Amino acid sequence: MKFSGAEIIIKLLERQGVKTIAGIPGGANLPMYDALSQSDAIKHVLTRHEQGAGFIAQGMARVTGKPAVFFATSGPGATNTLTAIADAKLDSIPIICITGQVPQSMIGTDAFQEVDTYGLTVPITKHNYLVRSVEELLEVIPNAFRIAISGRPGPVVVDVPKDVQMAMLEIDEWPEPGKRGAGSELISVEIERAATMINNAEKPIFYFGGGITQSGSAVDALAAAEKGSIPSTLTLMGLGVIPNDHPLNLGMLGMHAARYTNMALEECDLLIAVGVRFDDRATGKVPEFCPNAKIVHIDIDPSELDKIKTSTASVTGDVSDILKALLPMIEQNDRSQWLSRVDTLKQENPMLIPGADDPATPYGVILKVAELAGEDAIVATDVGQHQMRTAQAYPFKHPRQWLTSGGLGTMGFGLPAAIGAAFAAPDRTVICFTGDGSIMMNIQELATAMEHDVNVKIILTNNNALGLVRQQQDLFYGKRYFASDYTRRVDFTRIAQGFGITTYDFSRTDDPAAMLAKAIAAPGPALIHVPISADEPVYPMVPPGAANIEMIGGESND
Amino acid sequence: MTKQTVLELTVKNHPGVMSHVCGLFSRRAYNVEGIACMPVNGGGTSKIWLLLNVEKRLDQMVKQADKLEDVTGVERHDGGHEVFDKMAEFVR
């Protein structure tokens, strides 16, 4: 039977099990849209901006761990996707962006809506393709999926000129869907050496990151920590890997860690880094990070080993396989002296949550939402103070419960990622913590939320400022607030109402807890407006470039 | 004189490969002193030789190059490679 390139793409996506594609049509990808319109298996989500489509795909991929696909046309369609793709690269999220391109005969002529999508996406993808014939699609599409999920996951761009979409090809047999490739063999000597170092350590700490989530090995990570009684700190990407209330959980490390967490890291004699990349927000000044510790680094990506900090021993491979191999070699040990020392640090320097009991405060609203939404809720954030507060205070229980832009720190991530999460898990409540700065960067997707009636509750803490910028100006720029306060206010509840979203406003109630309960219990999208002061910094804070032990604020007064 | 080395990459031969390989170095501000590229046999694969100054980051660059989907092999020649000896004759 004969198929057009566009029909082949859709057929191959169906065979990959794709159920939802977000995107926007335009001149150069209309053949793909025409073919998509004939698909019963795939639902299309028309977004209001291609960046929104990219983050919806990310939301789906982050919740399921499976690659998610989005569409954009050539030129501005493609350039609008770039931030969402770069974001996926830094957080290792498997998304596949399929763009239309001008016909090959017009490439390089500055044709209408022509841009070098291939060239633009080289540095922000795991791999990218410019498809040059209809035959190539049979290889490229399965390969895109294989690449996106094999090894360390990441984004793939497939740029398809319009003539390739329209070219016809006789097909008798479809290629196998792209699957995760087998990882490299583990080297047992590496694992034995790591085990010996762990068993010999008196004051070890596990440093768990997004790699644990990616490899589905949270259970193995917890088992290893419990067997050796090893306190465990989590990166921003690793929150949820160890349940928040577990006695060995030290919480997040780094710039906005609890004081005791960074202090414990200062004292540890072995840091066992698993599925992490020593990001500067986590390590602070690298030479002074864990100054007394040997380092075991375990990661699937060999280029991460010794990139930032030279490790004493390293193990390359899928951290799930490695942790499983490591577990029987880790000796049962109660490490009572070390645990009691960590406990003393924790008692003397706890994480302080100001306003925890008042749901109308920046931290209090997070805790109240957590209580009302329950353990099964998915939590997305934007970027800024609200994000750090959520990372510090939200009681995460499971991996893939927490969606945040870690590496790129993209304001505008939250709302579309939450919408994507709602598509991937329609039966769960999705919370989106955002701020007045961030939500403006993809606010148009309120229309998408309304149209699809997704169960997304937007908690908008509004300080009419770019809070984290303002906080840096407060602490490090002599309180010279510039370009961080908005001079006038916008009315977010009216904006949301204009988009057809139900709104709740804390400034119009005496009982914010009851209002919150009502908002979260009602089905469908809602925006909850929480006015807050701009003068409430996120503490503790390590100054950028300083060592983690040089924390500002968050001291206990007891 | 700065110590130099040659990386010999075996790559899939298509128009984007050079851009992937060169981008890896340029975006890390790692200077490529010399470059040569030729298709092998039928032209399905190519060889790229890169003449590089030995810097502390070189090991990282080798690992990054090895990660590229289109790169199927990386060899390091610390003693240099005759392809550049011959090319040097053209710039005398």
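This note sets out numbered points on the predicted model of chain A.

1. Basis. The model is predicted, and local features need pLDDT of at least 70, side-chain atom pairs count only at pLDDT 80 or more, and totals for chains, interfaces and linings use all residues. Residues are numbered from 1 along each chain as its sequence is written, chains are lettered from A and ligands numbered from 1 in the order in which they are written, and side-chain values use heavy atoms, with hydrogens and water left out.

2. A covered strand. Strand E7(A), residues 156-161, has six of its six residues buried. Here helices (H or I, at least four residues) and strands (E, at least two) are DSSP runs, numbered from the N terminus. Buried means under 20% relative accessible area, exposed over 50%, and partly exposed in between (1.4 Å probe, protein chains only). One side of E7(A) carries Val156(A), Val158(A) and Val160(A), the other Val157(A), Asp159(A) and Pro161(A), and all are buried.

3. Neighbours of E7(A). Strand E5(A), residues 95-101, runs parallel to E7(A) and is joined to it by six bridges; Gly100(A) stands opposite Val160(A). Strand E6(A), residues 127-130, is also parallel to E7(A), with four bridges, and Tyr129(A) has Val158(A) as its bridge partner. Two strands pair if DSSP finds at least two bridges between them.

4. A second sheet region. Six strands of chain A form an open, parallel sheet in the order E16-E15-E17-E18-E20-E19. Strands E16 (402-403) and E19 (502-505) each have a single partner strand, so one side of each lacks a neighbour in the sheet. Two bridges join E15(A), residues 378-381, to E16(A), where Trp402(A) is the bridge partner of Val379(A).

5. Two positive phi values. Which residues other than glycine deserve a look here? Ser229(A) has phi near 50° and belongs to the loop between helix H10 (218-227) and strand E10 (232-234) of chain A. Asp453(A), with a positive phi of about 50°, is placed in the loop between H19 and strand E18 (456-462) of chain A. Ser229(A) is buried at a relative accessible area of 12%, whereas Asp453(A) is exposed at 53%.

6. A cis peptide bond. Tyr539(A) and Pro540(A) are joined by a cis peptide bond with omega of about -5°. Pro540(A) lies in the segment after strand E20 (526-531) of chain A.
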